Each structure stands twice: as structure tokens, then as C-alpha cells.
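Work through the exercises below with the sequence and the model side by side. Try each task before reading its solution.

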Amino acid sequence: QVQLVESGGGLVQAGGSLRLSCVASGRTFRSYTMGWFRQAPGKEREFVAAIAWSLGFTDYADSVKGRFAISRDNAKNTVYLAMNSLKPEDTAVYYCNAGVVRRVGGNYWGQGTQVTVSS
């Protein structure tokens with residue numbers, strides 16, 4: 001079992017920045033590809049970004065490429081999502097996930113954190 005707890009969401013104006021954090025506990029964190037997904041009202045949950053446990057491999061959805069950056073600190077069992085140049089369309093609940101494969105979430109999800117971008 002892996003438990004994931006997100007934090008760092010909030011309300012920000014368009015063009016602003018936020019950094020989300022996800023702390024993992026339980027089974028071996030560093031063996032998982034970690035990712036972030038988001039779900040806006042009335043829409044399906046979508047892939048945002050992922051990071052492998054080694055070699056620094058990262059993957060981003062086209063909609064966030066160049067604005068968001070995913071990173072991880074294995075010593076702290078934490079994955080981060082730095083979000084810059086935020087847009088109103090980035091408004092969603094953001095979920096941390098463990099076990100991402102080809103942009104599909106694994107079995108372990110956090111409870112989500114709300115990000116609201118005002119225009």
C-alpha cells in the first residue's frame with residue numbers, strides 16, 4: 001500500500017504560480033513512476049505530468065509543457081509540481097498518483113487538492 005497526501009493548492013490570479021507537494025508513505029516510494037492528474041468540473045480526469053524514479057525522465061501533457069515542472073525528492077518521499085504562468089483553464093482538482101504507466105494512473109491516488117485560477 002502507498003498513501004499519498006497532496007498540499008499546496010489554492011486561489012491564484014492568472015499568470016501566477018503555485019507549487020503542489022505530494023508526500024508518500026507506505027511501500028517503496030522510489031520504485032514508482034509518480035504523476036499528477038487533474039479533473040475540472042464536468043470533465044474527465046486527465047494526465048498532467050509524470051516522473052520516473054531514476055534517470056530524471058519526465059513527461060508532460062502538451063497543455064502544460066513549458067509552464068509546469070515535476071520533480072521528486074526520494075529522500076523525502078515527496079513529488080512536486082511547480083506551476084507557472086497559470087491560466088483559468090488550469091482550474092481543477094489536482095491528484096497525485098503512484099504507478100503511472102504510459103500516462104495512465106496506477107492504483108494509488110491522493111485525495112486531491114483544489115487549484116483555482118481567476119481571470
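Does D59 count as buried, partly exposed or exposed, and at what relative accessibility?

**Solution.** This is a predicted model: local features need pLDDT of at least 70, side-chain atom pairs count only at pLDDT 80 or more, and totals for chains, interfaces and linings use all residues. Residues are numbered from 1 along each chain as its sequence is written, and side-chain values use heavy atoms, without hydrogens and water. Buried means under 20% relative accessible area, exposed over 50%, partly exposed in between (1.4 Å probe, protein chains only). D59 has 21% relative accessibility, so D59 counts as partly exposed.

**Exercise 2.** Find the salt-bridge partner of D59.

**Solution.** A salt bridge needs a side-chain nitrogen of Lys or Arg within 4 Å of a carboxyl oxygen of Asp or Glu. The side chain of D59 meets that of R103 at 2.8 Å, N to O. D59 sits in strand β6 (residues 58–60) and R103 in the loop between β9 and β10 (108–109), 44 residues apart. Strands are DSSP runs (E, at least two residues), numbered from the N terminus. R103 has 38% relative accessibility, so R103 is partly exposed.

**Exercise 3.** Describe the salt bridge between R38 and D90.

**Solution.** Their side chains meet at 2.9 Å, N to O. R38 lies in β4 (residues 34–39) and D90 in the loop between β8 and β9 (92–98), so the pair ties together parts 52 residues apart in sequence. Both R38 and D90 are buried. By contrast, D62 and K65, a salt bridge at 3.3 Å, are both exposed. Shared partners join R38, E46, R67 and D90 into one network.

Conventions
Helices (H or I, at least four residues) and strands (E, at least two) are DSSP runs, numbered from the N terminus.
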